[in-house]
Structure formats: structure tokens, C-alpha cells
Amino acid sequence: MGALDEPLKDLVGDRTAKVLADSLKLRTVGDLLHHYPRRYVERGQLTSLDELEVDEHVTVLARIEKVTLIPFRGRKGDRLEVVVTDGRSKLSLVFFNQGWRQKDLKPGQQGLFAGKVGLFNRTRQLASPDYQLIEDEEGSAAAKQFAGRLIPVYPASAQMPSWKLSLCVEMALTKHLADVGEPLPAELRAEHGLIPLPEALELIHRPHNQAEKERAQNRLRWDEAFVLQVALARRRAADTALPAVPRRPVPGGVLDAFDARLPFTLTEGQHKVCAEIFADLATDHPMHRLLQGEVGSGKTLVALRAMLAVVDAGGQAVLLAPTEVLAQQHHRSIVEMMGDLAEAGMIGGSEIGTRVALLTGSMGAAARRGALLDMASGKAGIAIGTHALIEDKVQFADLGLVVVDEQHRFGVEQRDALRAKGEQPPHLLVMTATPIPRTVAMTVFGDLETSVLDQLPSGRSPISTHVVPALEKPNFLTRAWERVREEVGKGHQAYVVCPRIGDEDEQPKGRRKPKAELEEVDAGADSEERRPPLAVVETADKLLKGPLAGLRVEILHGRLAPDAKDDVMRRFAAGEVDVLVATTVIEVGVNVPNSTAMVIMDADRFGVSQLHQLRGRVGRGSAPGLCLLVSDMPAASAARARLDAVAGTLDGFELSRIDLEQRREGDVLGQAQSGVKSSLKVLSVLEDEEVIATARAEATRLVAADPDLADHPELRTALESLLDEDRAEYLEKG
């Protein structure tokens, strides 16, 4: 496969190679051969022009309907206007001072036209597009090239239209197809009816019909799944080879004492997941387990039992939380659940208990020193904190388990730094409530062993969710505030969530917009014409003076001082605050069972997973929950469709699929979160789960028999090509 590493300049020349590298990140012959067509058109099958989007770079196959040369008034020069059609809709092409093109562009001709869709006088047009005419005469070069087969349309750029890419690919196929190696073992290809890779590459670029294209895609889908699975299987095998201290629960220890005090019984799902975790903790290699669970399914309790098991075994456990509010909430709730079991060495503390330390970045010096000392000495069997736990000065006597809550909030570097604090690699448990795209992808590909909690504990109440179209029906918003007052009147509490803190947090020009604001573009809105997102400070003020006058309303956001945040949350939890107006700082972990209502303002500015997480803050007690999604977006918009999806189901796993469909998979072995850069070209983690599962089993078998891939040199080469330096580091740390 060495020839596929040949720089493209040796194949297509310096100038074209520079354009391919700069605009499409294609640098080698292998890159080019694996740059697959986005779609295919049949000769004579015209592109549907009414589906073109403004500002999109497109390549369309259309027929010329009209050609008009128009001189400029009062000055030299002219413009050539060409109208092309698909038989229903029309598209205007315009060329400036290029009247000579009339000789090429004649009514009745078909051609491929490429450019950026613009608007002029409310009409879509391509200005000075590149084009290639498809002649009907037998013997013409274009006819010979396209006759009898599908026309590939490639992901292209303004500098490199689809048909120029096609010519480059033709050169690569002609010169280097024979150099393509075969990464898949022969027995695997035979068992699954897969064509050889050289044939697949030729058919993906030069299919004569749909059947050939599908045969090629099926083979290439397997390549992507299998090579990824081999990478992950090797990582799992390497993990198994690492030493770790087994941590087995001790009868009569703090875990047994804790279980005896629980005022409820564990769900069947919690029993099952705890058994899986305890089995992993008892092995002499590090656990790497992902705990997925619905909002409110009891993940924290499962994690606490695992931490107590490690404490019983003589080790320490760390719970890493993404925000100070959540770290404080975890610390408070765990200490309350444990009672005197969390007060070892204190007056009234249990003799078999331990201590639970809290460490955050904003703690006072004395409290910080005490927490650091308890962790370093081993007095604190459990440590809870934020990124502050990762600092160099933080030490542990015997770190046995790292629990990461809402793992997508942390980079692999941060998790790696914390795990490095153990003398031997500690066991690792990562938790998430609604899987985000990369989590879904990594889970499907099996980098972590997975446990799922899909059963809500008894006593949890249903949550009803409704969309409030504030612009179309202002009376609906009025009714929303009435419902909040009604809930407070029953003795309950409510949240109001806003995307922004206040005017003072406006960002200077040139700064990147927050993720929530960027999502407006996905919703199909004109972000320039939209008002700024609603803010906590202004919203709370308006509510106090208007619909919620007389109620006890407080605010909570990330820029409050830590003591102020903790004070607000304590008073809210104690029922001293009726309505909490907050940012997404309350998104995860906050547990106030008396809160029954939530109003999310500008809900369209949040993602699906975020909305589901926020909604999970209500309905946590015996009274039913109510979540109202307030939006100004029109009924036909993509944003409203997203809100309708959230309102239509409480199934977080179904919503994670919707989220993934919107955001795409992301780079499965890299750190791109949004799918802008992806190592998957043919394989879909949503549609190809069966292929992935089978590939995983095959890869596990192969790696067990040949860990170093000594008998599969071409597979090893394909693996090295997939795992560039960044991805290899990610996989190593992750």
C-alpha cells in the first residue's frame, strides 16, 4: 500500500495538488481514492433545483433553456444570463464579460454546473459557475465517460468542482488501483460475501448501476467498521494486560451498613448494574465501564455503592463533576445519604465509616488544606470535586476508583491526569444521562464495557411536556405563568431556565458564539434578525414585577460567588424559594423533589439532550412534573420539530438517536464533537449497528489470536493510516 502514500503532486501536479490539500484536505493518492462520491446522478436525470439552499456549493445536472447576452448601460461590458431547468424549477447562471460562452452554452444542451448558490432579486443563481457540457453525439469525450453509468457527484469546493475531482480520481484509479492492498482477512470476506477492496474502490467511483454502487458501499462499510473494531479490540486487550488492584467488597463493612439504612429497595436494573461493576472491580486489570442511564434512574446511587465497595477494600474513590454546583450537590446528597457513615473520626461518627471530602477551585484556603490532607492521608475514602481534583498538588493514599459524572463535559486529558494519580491504574466508571453523539458512537463501537439503567425507581412521577408558541399564541405564555403560580400555590416549586445570564455577558465582536446560539442556524433561522437570547437577570426582574409578583424568586448562574450559589441552592432545596430563575447550571444532578414545574425560555436555542437533561430536574418526587418549552420559532421550522420531538417522548435513548441524526456522528476516534470532521464516510452508527456488532466479534477473535497483527500486515497498515497521531493519543488516553 506504499504507493497510496504517494503525494498527489506526483499524480496531478503541484497546482492541482495544492488546491486539493487546501480546500479538501486531500494530500495522498490514498486520500483521493477514499474521497467517495456524495451522490450519483443518472444521465438524463436532472437535479431537482427547488431543493437548492442559498450559500451551498452545489453541482447540478440540468438542461439549458434560455441564453441572453445583456450589455451594461452607460459603460463597457456585458453579462451573459443562462437559465437552466429540471423541467419544473429554474436556476439562473450569470457570467460577466464572457459573451464568448454563447458558442458553448446553447438551449437544449445538458451539463453539470457547479458554484455557490446566491440570491439576486429574490431569484437563486450561480455566478460565474464552472461547467461541463454533456454532449449527445457518440464519440464525444463526455459521452464516452458518462455513457452507461452513473455520474459521481463528489464533496467539492469552489476551487475544485466535482468533475475536476472526478478526473483526478480517474487518474488515480488508472495508475494505482493495482497497488491497493487487502486489509480484510480472506475468510472474513468469503463468509460475508465481500468483494475485494480494489474492485470496491473502482465501483464506488465508476458504478454502472445502483447494484454495483451498493456492492462497493457494503464492502467499504465493512472496512470502516472492522478497522475501527480492531483498533478498539487492541485497546481492550492492552487494558486487560495492565495491572490493577482488585477491590472486593468486605462483608460487614461500610457498604453493608449503608445498604441496611436505605429507605427503599434497589430496582432490578440497579442490582444488575451493581453486579456488573462489582465483578469488574474484583479483577486484577482496570475496569473501563460506561454507565448510561435515564435522567433520574439512580446512577448516582449505583456509583456511590461502587465507591463504598472500594473503600471497604482499603482504597479511595473520586467523583469528578463538571460544575461546582453539581459537585456541591453530590457532596451534600451523599453526606446526607450516608449520615454518620460519612463522619469517621468525628464526634458521633460511625466506627466503620469514612470521610467524604469536597474540593472545588473556589474553596477557602483552610477548607482546601483540610480536604487535601484528608485525601493524601487516606482519611477521606471518597473525594468529590471539579477540575480542581486534577491539579498536581492533589494526592491520594491509594486511589482505586475514578467516577466521572457527565463524562462528555471532560476531555480525555483531564480524565487521564486524574487516573495517573494512582500508583497503579485505578478502575474507571464514566456516567452519562443522555448519550451525546460521540458517546453513542464510542458505545456502539465498544471501546467501553456498557451498563444501562433504563428503569426509573419507584416513586418517580411522570413528566408532561408541552411546547408554548409564545409569538403565535401569547395567551399560551400567560397560561404558563399561571400554571407556575398554581404549582407554588400547592406548596411546590418551579424552575425558569434562560440561555444567558444578562446583558453584561454579551461577547465582543469576533468572539465565537455560544453553542446554544449557534444552534439557531441549524433551526433554519436568520440569526442576524433574531433578538438576543433571553437572560436570567432581566427575566427574573420582569417576572417579579409582572406574572410572578409576590412569589419568592431567586436567580442562579455560573458567575455568582460559590458561597452565593451554594446558599441559593440550599434555600431552594429547603423550600425557602418558590421559583429559581437559572441558566443550565442546574442541568445535571440537581435534586429537589418538591420542584414540579419548569419553564424553559427560548427552548429552541438548546439541544435535544440538554432539554431532556433540564426536564429531568422536575417530577423527582411524588407529584407529577410539568415542563413547558417556550419558543418564538414558527410551527414549520426545524427548531419547532426538535421541540416537538422532546415533547413527544420521555425516552432519553430515543432522543439520543434524534440528537445524533442532527449532529452526525463526529470523529469516532477523534475529539470533534459535532461531526464536522469524521473518520466515517460510508458507515453510519445509526443504520449499521448489525455490521458494527458483527465486526466487533470478528475483530475481537482476530486480535485474541494475533495481537500484533503479525499475520495481517495490510490490516496493520490500514490501522496506522486510520490512527494518525491525534487519534492514536485519544484512543490511548480514552
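Q: What makes Pro249 a contact of Leu255?
A: Contact means heavy atoms within 4.5 Å. Leaving aside neighbours within four places in sequence, Leu255 meets that cut-off with Pro249, Phe278, Arg305, Leu308, Ala309 and Asp312. This is a predicted model, where local features need pLDDT of at least 70, side-chain atom pairs count only at pLDDT 80 or more, and totals for chains, interfaces and linings use all residues. Residues are numbered from 1 along each chain as its sequence is written, and side-chain values use heavy atoms, with hydrogens and water left out.

Q: Why is Leu255 called buried?
A: Buried means under 20% relative accessible area, exposed means over 50%, and partly exposed is in between (1.4 Å probe, protein chains only). Leu255 has a relative accessible area of 4%, so it counts as buried.

Q: Where does Leu255 sit, and what is its distance from Val311?
A: Leu255 is in helix H9, residues 254-261. Helices here are DSSP runs of H or I with at least four residues, strands are runs of E with at least two, and both are numbered from the N terminus. Leu255 and Val311 are 56 residues apart in sequence, with 8.5 Å from C-alpha to C-alpha.

Q: How many helices and strands are there, and how much of the protein is buried?
A: The protein has 25 helices and 21 strands. Of its 734 residues, 55% count as buried. Among contacts between residues at least 6 apart in sequence, 73% join residues at least 24 apart.

Q: What makes a set of residues a nonpolar core?
A: They have to be buried Ala, Val, Leu, Ile, Met, Phe, Trp, Tyr or Cys residues, joined through side-chain atoms within 4.5 Å. The largest such core has 41 residues, and those touching the most other members are Ile277, Met307, Met338, Ile382, Leu401 and Leu429. Helix H11 (residues 299-312) gives the largest share of this core, ten residues. Apart from it lies another core of 32 residues, among them Leu26, Val29, Tyr36 and Ala200.

Q: Which residues does Leu429 contact, leaving aside neighbours within four places in sequence?
A: Leu429 is in contact with Ile277, Met287, Arg289, Leu291, Ala303, Leu401, Val402, Val403 and Val404.

Q: How many aromatic pairs are there, and what makes a pair?
A: The structure holds three. Rings of Phe, Tyr and Trp (its six-membered ring) pair if their centres lie within 6.5 Å; planes under 30 degrees apart count as stacked, over 60 as edge-to-face and the rest as tilted.

Q: Why is the pair of Phe113 and Tyr131 called tilted?
A: Their ring centres are 6.3 Å apart and their planes stand at 40°, so the pair is tilted. Phe113 and Tyr131 are both buried, and together with Phe95 they form one aromatic cluster.

Q: What makes Tyr495 and Phe572 a tilted pair too?
A: Tyr495 and Phe572 are 5.1 Å centre to centre, with 55° between the planes. Tyr495 lies in strand E17 and Phe572 in helix H19 (residues 562-573), so the pair ties together parts 77 residues apart in sequence. Tyr495 has a relative accessible area of 0%, so it is buried, and Phe572, at 0% as well, also counts as buried.

Q: How do you know that the charge of Arg75 sits over a ring?
A: For that label, NZ of Lys or CZ of Arg must be within 6 Å of the ring centre and within 35 degrees of the ring normal. The charged end of Arg75 sits over the ring of Phe72, 4.1 Å from its centre.
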